[in-house]
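Dear colleague,

Please find below the structure that I am handing over to you. The findings follow after it, and I would be grateful if you read them with the structure open.

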Amino acid sequence: MNPVAVTHRALEPDSLIRLVSNEGGHGAVATFIGVVRDNNLNRRVSHLEYEAYEPMAMKVLEQICREAAREWPGTRLAVHHRVGRLAIGEASIVIAAASAHRAAAFAACRYVIERVKQIVPIWKHEFFDGGEVWIEGATANPEDEAARLEAKRRACA
Amino acid sequence: MRVTVRLFARLRDIARSADLSREVPTGATVADVWRGLVAEFPEMAQYESSISSAVNADYARMTAVLADGDEVAFLPPVSGG
């Protein structure tokens, strides 16, 4: 299994955990699972559709993993993002980070999700009671060092 | 020369197409392609200050010069995760 994926298939957190934790030197595995919520901004959400610029999203996810590995050396990372139609309660993203100790595992995991929200070319189309809307978050700029440092600050908070 | 334009999310909805093929002059930049799109689809103008762009699936500046056959993508603010 590739540590980085953008896929239409249901995500398998256990597979990512196994993938990162197959080395004996790791004493901690942190995971993050993003899940489709039934409400947003007082709207009753029925489902989401995720769209990706897939080849670019793969490259940017790989870049984010390299950034995290630089910040927390020895950390092993995997991140899979789902696309297509997702029902309430389904996982949209799974991140697993293994490290010798818990601080680096938690930090690397948090860093990856913060960076995903900043620069990965994936979009959420929200369908709710009475309409639909494309969610627009951050203007993506991989050269924005202030944004990268903000992701690191949150990761270490 | 010809370039392929990839559009996503709301930009794709506005153009009613995910892929467009456009003839551009030699030396054209990403910004030139964007200006052409805005002329064609005025609703896109609201994204002037918030889009990002990519050439051949790598982030690129609006000043990047294009080559024949390049794939230019315009990315509205992202919302993955």
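The expected span of a helix is taken as 1.5 Å times one less than its number of residues. The model to which this is applied here is a predicted one. Helix H3 of chain A has 18 residues and should therefore span 26 Å; its end C-alpha atoms do lie 26 Å apart, in agreement with that value.

**Helix H3 and its partner**

Of its 18 residues, 15 are buried, so the helix is largely enclosed by the rest of the structure. Two packed helices are described by the angle between their axes and the distance between the axes. For H3(A) and helix H4 (residues 145-155) of chain A, the angle is about 145 degrees and the axes are 8 Å apart. The crossing of H3(A) and H4(A) is right-handed. On the H3(A) side, the contact is made by A:Ala107, A:Arg110, A:Tyr111, A:Glu114, A:Arg115 and A:Gln118, which meet A:Ala147, A:Ala151, A:Lys152, A:Arg154 and A:Ala155 of H4(A).

**Chain A as a whole**

Chain A contains four helices and nine strands. Read from the N terminus, its elements follow the order β-α-β-β-β-α-β-β-β-α-β-β-α. A compact globule of 157 residues would have a radius of gyration near 15 Å, and the 16 Å of chain A agrees with this. Along the principal axes, the C-alpha atoms of chain A fill a box of roughly 50 × 35 × 30 Å. Of the 157 residues of chain A, 37% count as buried. Among the contacts in chain A between residues at least 6 apart in sequence, 74% join residues at least 24 apart.

With kind regards

Technical notes:
Residues are numbered from 1 along each chain as its sequence is written. Chains are lettered from A and ligands numbered from 1 in the order in which they are written. This is a predicted model: local features need pLDDT of at least 70, side-chain atom pairs count only at pLDDT 80 or more; totals for chains, interfaces and linings use all residues. Helices (H or I, at least four residues) and strands (E, at least two) are DSSP runs, numbered from the N terminus. The radius of gyration is taken over C-alpha atoms; the globule rule is 2.2 Å times the number of residues to the power 0.38. A residue is buried if 20 or more other C-beta atoms lie within 10 Å of its own, exposed if 12 or fewer, and partly exposed in between; C-beta atoms are placed from the backbone. Two residues are in contact if their C-beta atoms, placed from the backbone, lie within 7 Å. Axes are lines fitted to C-alpha atoms, for helices over the stretch in contact, and angles run from 0 to 180 degrees between N-to-C directions. A crossing is left-handed if the near helix is turned anticlockwise from the far one by less than a right angle, and right-handed if clockwise.
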